[in-house]
Amino acid sequence: MLTPVVTDQAQRDRVVVTSAPGAGAARPHADELDVVRPAASLLVIVTHAMQMFAPAGSVFYGAILLGSQASRHIFFFVSALVLMYQAYDRPRWSVWSFWGRRFSSIVVPFVIWTLLYFLAAFAGLRGDTIPSVTGTPLQVLTRAGVQLVTGPGHLYFVIVLVQFYLLFPLLAGILNRARGWHLAIVGVSLAAQVGLTVALHYGHLNSLIWQDINATREVTSYGFY
């Protein structure tokens, strides 16, 4: 009875050894994320369901909606965690390979979907992700450009991810060289996040550097996660 258990444990130990930093193999799958991802996805569904069907003046439904907004922060945290889990302390980790994979798997589908939403406007459809196509041809093209840079509707999430992907090699390099200071980095990040949150909520800070680029679409709003 013990033999299969021992054999299975030995196999798992070999996986951990061959997946050690610098070994070149993929690290073991983090089973905990299989629980976090569905929970965050459920919160996204709750958010949009509340926005569509809940009474606007209800304190009860408003509280649920406010709590469910945590989904975006969870997703950003998980995205950062998975990337760092794969890249941390890996001497052969390639920046160009990383950017190339993200471009093909994230940026290309984003551009396709944004253009599809834009074309849907010509069919008379309307919605949060569908821009207006009225005005001069130059105005219409300008709106299309704005959509590609800011992310229409819920696709703003991709814009933040792209900003994070561009910064990730720098962040990974800092963490790889800052052994022994990770708790201090977390503390500084938390202080900066709280300070920015207070400035946004109570000081009504909004950089709005261009068009629809506001705090929701800026990676600095999610630095701690």
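Analyst: The largest pocket holds about 990 Å³ of space. It's a predicted model, so local features need pLDDT of at least 70 and side-chain atom pairs pLDDT 80 or more, while totals for chains, interfaces and linings use all residues. Residues are numbered from 1 along each chain as its sequence is written, and side-chain values use heavy atoms, leaving out hydrogens and water.

User: What makes Asn 176 buried?

Analyst: Buried means under 20% relative accessible area with a 1.4 Å probe, protein chains only (over 50% is exposed, in between is partly exposed). Asn 176 has 18%, so it counts as buried. Its place is in helix H7, residues 156-177.

User: How do you know what Asn 176 touches?

Analyst: Contact means heavy atoms within 4.5 Å. Not counting residues up to four places away in sequence, Asn 176 touches Ala 87, Tyr 88 and Asp 89.

User: Why is something called a nonpolar core?

Analyst: Because its members are buried Ala, Val, Leu, Ile, Met, Phe, Trp, Tyr and Cys residues joined through side-chain atoms within 4.5 Å. The largest one here has 15 residues, with Leu 83, Val 160, Phe 164, Tyr 165 and Phe 168 making the most contacts inside it. H7 gives the most to this core, seven residues.

Definitions and conventions. Helices (H or I, at least four residues) and strands (E, at least two) are DSSP runs, numbered from the N terminus. On a 1 Å grid over the protein atoms alone, a cavity is a set of points where a 1.4 Å probe fits but cannot get out, and a pocket is an open set with protein on both sides within 12 Å along at least five of seven lines; lining residues have an atom within 4 Å of a point. Grid points are joined across faces, edges and corners, and a volume is the space filled by probe spheres set on the points.
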